[in-house]
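Hi everyone, thanks for coming. I'd like to walk you through a few spots in one model, so please have the viewer open.

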Number of protein chains: 2
Amino acid sequence: MLWSGWGDPARATPLPAAAVELLRDLLGVRPPKVPPVALESIEVPPSRLPGAAADALAGVVGAGGLRTDAETRIRHTRGKSTPDLLRVRAGDVSDAPDAVVLPGTHEEVLGVLGVCAEHLVTVIPFGGGTSVVGGLAPPRAGSGSSRAGDRPRIALDLRRLDRLLAVDPLSRTATLQPGLRAPRAEELLREHGLTLGHYPQSYEWATVGGFAAARSSGQASTGYGRFDDMVVALTVATPEGTLELGRAPKSAAGPDLRQLVLGSEGAFGVITSVTVRVRPAPETAVYDGWRFPAFAEGTAALRTLAQDGPLPTVLRLADETETMVGLARAHESGGPAAGPEAGGCLAIVGFEGVAGDVASRRAAAGAVLRTFGGEPLGGGPGESWARGRFAAPYLRDALLDVGAFAETLETAAFWSGIPALYAAVREALTGSLAPAAGAGPHGTGHGAGRPLVMCHISHVYPAGASLYFTVLSAGGDDAVARWARAKGAVNDAIIAAGGTISHHHGVGTDHRDWYAREIGPLGVEVLRAVKDRLDPAGILNPGVLVPDHPPAPGR
Amino acid sequence: MLWSGWGDPARATPLPAAAVELLRDLLGVRPPKVPPVALESIEVPPSRLPGAAADALAGVVGAGGLRTDAETRIRHTRGKSTPDLLRVRAGDVSDAPDAVVLPGTHEEVLGVLGVCAEHLVTVIPFGGGTSVVGGLAPPRAGSGSSRAGDRPRIALDLRRLDRLLAVDPLSRTATLQPGLRAPRAEELLREHGLTLGHYPQSYEWATVGGFAAARSSGQASTGYGRFDDMVVALTVATPEGTLELGRAPKSAAGPDLRQLVLGSEGAFGVITSVTVRVRPAPETAVYDGWRFPAFAEGTAALRTLAQDGPLPTVLRLADETETMVGLARAHESGGPAAGPEAGGCLAIVGFEGVAGDVASRRAAAGAVLRTFGGEPLGGGPGESWARGRFAAPYLRDALLDVGAFAETLETAAFWSGIPALYAAVREALTGSLAPAAGAGPHGTGHGAGRPLVMCHISHVYPAGASLYFTVLSAGGDDAVARWARAKGAVNDAIIAAGGTISHHHGVGTDHRDWYAREIGPLGVEVLRAVKDRLDPAGILNPGVLVPDHPPAPGR
């Protein structure tokens with residue numbers, strides 16, 4: 001993983017000159033004034049891990065399992081949100097962990113938690129390091145949130161827990177360790193003729209444990225289900241002991257405690273194994289493009305498939321702006337898609353499975369899509385989407401290199417609330433990122449042009465859908481501060497419009513205060529009660545998910 | 001509802017003489033020595049509700065909303081398990097609530113909880129009163145469990161909260177109040193062309209709030225989903241305030257707190273509204289019978305449909321014993337089914353929906369069933385099942401009348417664990433209810449013959465299924481004590497075989513100690529932490545779901 005960006009550095013691709021020109025002309029993007037720093041030149045703060053804690057940790061995981069070298073600490077600093085990248089490119093590693101610990105077994109995880117509880121060392125569970133919501137950066141002291149901010153901190157890197165533990169072919173389940181990266185998990189399952197079918201955009205680097213801890217949604221979730229839907233059992237190491245959950249797919253025996261661990265983002269414990277539903281690897285896969293006259297018609301078509309079927313495996317719909325940008329890019333690179341002049345909204349409708357079944361579902365879905373004005377575009381747009389499905393984070397690096405700012409955010413709601421939510425988020429983004437916004441006495445709007453706001457629906461349910469926004473603008477002088485204001489405005493808009501604060505990415509620290517509004521003060525109290533019982537010393541990801549101390553009176 | 005049994009007293013049907021003879025010859029059933037008491041002759045303990053609490057409650061719900069008459073208190077005593085019925089038939093109403101309170105709004109529920117927290121009055125949320133797991137009978141003092149056992153107690157009857165609050169046709173959701181009985185909810189939804197599709201055996205009396213609080217499974221759950229799968233939003237009144245949960249069908253924002261309320265059985269709060277997924281009322285419904293050579297083949301056929309589809313709406317498979325008994329009954333009443341000599345295992349495979357879709361799914365499912373040796377029996381057995389689908393509780397009353405004992409229990413597991421779980425439960429039941437069992441110095445086996453143990457699969461998932469057992473035996477001298485021992489043996493067997501302690505009925509008090517083993521001591525601590533935060537005075541259904549005080553050291 002590129003320490004200052006995404007993925008395999010060998011796959012980095014600079015933007016073509018024409019694209020850079022277009023960004024300059026349309027969005028006012030200017031080259032950054034300062035180039036990114038070199039890894040070697042970064043000064044990491046001295047490790048504050050006390051010797052006694054270090055010795056005890058080395059006693060649990062072995063000397064090789066405890067790392068304090070600068071490069072390892074830099075590579076475990078924060079996650080992969082755009083602000084995270086901007087800060088690390090500027091050499092800011094003030095949030096670096098004091099050490100990185102690599103346990104190899106559930107028992108070693110328990111041992112590490114025991115040592116850290118005793119020595120009051122903050123523990124940041126670390127899978128693929130792909131959080132884009134501040135899930136790997138508990139607040140430091142002085143940020144107004146944390147009794148734990150002054151404590152030394154370790155990243156608990158789970159990469160050594162990387163085995164496929166069991167396959168149950170009759171029940172079609174597999175038990176995976178949390179540090180397995182998704183492609184490796186898929187490779188191990190394919191040896192049994194099985195697939196997990198979970199392909200988030202972070203697929204190449206994200207881990208099974210992270211999928212569970214953050215309730216990941218994959219690009220094929222319409223067909224295979226969200227990750228939280230796939231999980232049938234969990235093992236969790238907590239400072240107070242082990243939780244073993246899940247004796248049957250479903251039960252009437254009490255609350256579903258699996259659903260309390262899923263989405264807990266390392267604040268309640270460390271997931272050390274996950275048993276998931278798996279399926280036979282598909283015989284065939286086909287992804288078709290469809291054009292709809294407008295987003296509303298396309299949305300109605302998706303809703304109809306979600307409610308009445310047949311359900312595709314992949315079902316996505318870009319709004320007019322995202323369609324225009326996508327078609328322009330495809331056109332430019334000589335792809336088969338129609339040019340931007342064709343207009344409308346592009347949907348990708350994919351089917352995976354047994355050949356005969358794919359054919360009949362594809363035909364039946366096509367008939368539904370036509371009734372909403374859908375026009376088939378053939379396999380070209382689908383193949384183009386499939387080729388580039390994990391490429392966006394690489395493109396973001398290239399955009400940052402030329403001085404642009406690119407970030408994503410997402411929400412979900414019931415179908416009846418989707419149009420208002422869509423409008424509210426667009427308005428919040430365009431309003432807060434407009435050249436005038438923040439250009440007052442305290443503003444940093446200088447150098448930033450109008451933003452380009454794109455949206456797609458990528459996850460549908462019978463009762464609702466997700467909205468995934470991508471925003472592209474000039475970086476300007478202080479893109480981190482400017483984005484923090486815009487993000488706050490969008491979060492306010494999402495909560496006001498009745499949406500959930502995140503459908504894909506989780507809560508972390510970035511969404512925490514809005515999440516508290518979503519579930520209300522009593523909901524926060526419930527989560528805090530659970531955390532207090534499982535993690536009484538407050539060592540686990542403090543300040544992530546819920547504030548780690550009670551709000552002040554009157555707040 | 002019959003106070004001492006099930007349902008509409010006008011629909012009670014005595015057993016035919018031939019059946020009584022068969023029960024005597026096969027199971028040693030003898031007429032009970034004592035007939036049930038009359039309602040009028042029951043002495044209810046004097047109400048212990050303090051005057052100040054009664055005044056305060058009447059202030060919240062009005063004088064008409066507070067009832068302390070004997071009949072109302074008797075009708076809110078315990079639930080509808082067979083031991084519950086045996087005790088009330090014997091005139092034992094020692095668990096009667098001291099008063100019954102009928103709030104009409106969410107705010108009144110909050111008000112009642114406030115009064116009860118102040119006066120330390122136990123609150124037993126009461127919907128249809130159909131619990132079969134002791135969910136309506138918190139332990140009394142002296143039963144070894146409860147700081148709350150000495151407190152006065154009220155039943156919080158939700159029948160006045162019986163409205164359909166909203167329908168969202170675009171999202172296909174409906175918001176229902178908890179006191180709505182299922183047939184009335186269905187009636188209100190049908191006015192909008194919609195259905196809930198939730199048909200547990202308790203359908204005629206159970207309520208929407210109870211479905212949510214106890215994670216109900218309906219007979220058509222294979223097609224429509226379990227009730228907990230249908231719920232997209234909840235409002236909950238707790239002693240510490242209101243929880244409003246659910247802004248989208250699914251979210252990545254933290255743990256799914258809806259899943260903490262679902263299954264909480266009134267121990268965390270009172271559900272005051274439920275928003276559920278609804279569907280268009282089906283155009284057509286067809287239920288076919290299929291015979292399989294044996295339970296193993298039938299189970300494999302069901303598993304294949306659950307994993308690879310097409311998924312029927314109703315999918316049930318009786319084992320050899322249940323098939324034999326069912327066919328004998330059908331034969332006797334001149335039904336079209338083959339006689340018991342035909343053997344094998346009967347499956348009911350039903351489809352509901354749009355006519356064309358039903359036809360194609362039915363044909364495709366039939367092709368799958370044939371590959372497992374399934375033999376189509378036509379519509380007769382399916383129609384017979386559909387006619388009698390809510391009749392079993394009436395039959396139980398008739399069996400109790402002639403001195404037989406009939407009870408049900410259920411569990412679920414992953415497919416690979418189903419055969420061992422099936423064998424373990426059968427063995428525990430036949431062993432613990434055999435004539436010799438309990439006939440020693442402390443036993444009460446006298447007068448009881450061998451039990452008849454039947455089982456069916458009625459809920460399938462890709463990863464596993466439920467097993468639903470019915471046991472029939474002679475009542476004997478002390479059926480309540482005898483069943484308590486047998487039930488303990490079965491619960492031990494379920495936990496040892498890796499099953500969940502309940503797939504249909506919930507935890508209540510009857511399963512509580514085994515539920516604690518299922519989720520482990522740390523799981524219990526998590527639930528207790530949540531309860532302590534939402535219900536610090538411990539007024540809500542104390543001793544139901546989790547013990548209401550910490551276990552003694554070393555336990």
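Let me start with a question: in which loop of chain B is Ser217(B) found? Ser217(B) is in the loop that links α7 (208-213) and α8 (221-224) of chain B. Before going further, please keep in mind that this is a predicted model.

So, is Ser217(B) buried or exposed? Its relative accessibility is 5%, and since the cut-off for buried is under 20%, Ser217(B) counts as buried. Its side chain has a polar contact, at 3.0 Å, with the side chain of Arg226(B). If we set aside neighbours within four places in sequence, Arg226(B) is also on the contact list of Ser217(B), together with His198(B), Pro200(B), His459(B), His503(B) and His504(B).

Now let's move over to chain A and look at helix α17(A), residues 479-496.

Which residues of α17(A) are buried? Among them are Ala479(A), Arg482(A), Trp483(A), Ala486(A), Lys487(A) and Val490(A). A reminder that helps when reading such a list: an α-helix has 3.6 residues a turn, so residues three or four places apart point the same way. And what covers these buried residues? The cover includes α4 (82-89), β16 (404-414), α16 (418-433), β18 (464-474) and α18 (512-534), in chain A.

Let's take α4(A) from that set. The axes of α4(A) and α17(A) come within 10 Å and cross at roughly 165°. That angle is over 145, so α4(A) runs roughly antiparallel to α17(A). The crossing is left-handed. If you want to see who meets whom, Pro83(A), Leu86(A) and Arg87(A) from α4(A) meet Ala479(A), Val480(A) and Trp483(A) from α17(A).

My last stop is Thr509(A), which sits in the loop between α17 and α18 of chain A. At 22% relative accessibility, Thr509(A) counts as partly exposed. Its side chain reaches the backbone oxygen of Gly134(A) at 3.1 Å. Leaving out residues up to four places away in sequence, Thr509(A) also touches Val133(A), Gly135(A), Ala137(A), Pro139(A), Gly543(A) and Val544(A). And how far apart are the C-alpha atoms of Thr509(A) and Leu545(A)? They are separated by 6.4 Å, with the two residues 36 apart along the chain.

Technical notes:
Residues numbered from 1 in each chain as written. Chains lettered and ligands numbered in written order. Predicted model: local features only at pLDDT ≥ 70, side-chain atom pairs only at ≥ 80, totals over all residues. Heavy atoms only, no water. Helix = DSSP H or I, 4+ residues; strand = E, 2+ residues; numbered from the N terminus. Expected span 1.5 Å × (residues − 1). Buried < 20%, exposed > 50% of the residue type's maximum accessible area, 1.4 Å probe, protein only. Contact = heavy atoms within 4.5 Å. Polar contact = N/O pair within 3.5 Å; in protein donor to acceptor, adjacent residues only side chain to side chain. Axes fitted to C-alpha atoms, helices over the stretch in contact; angles between N-to-C directions. Parallel < 35°, antiparallel > 145°, perpendicular 65-115°, else oblique. Left-handed = near helix turned anticlockwise from the far one by under 90°.
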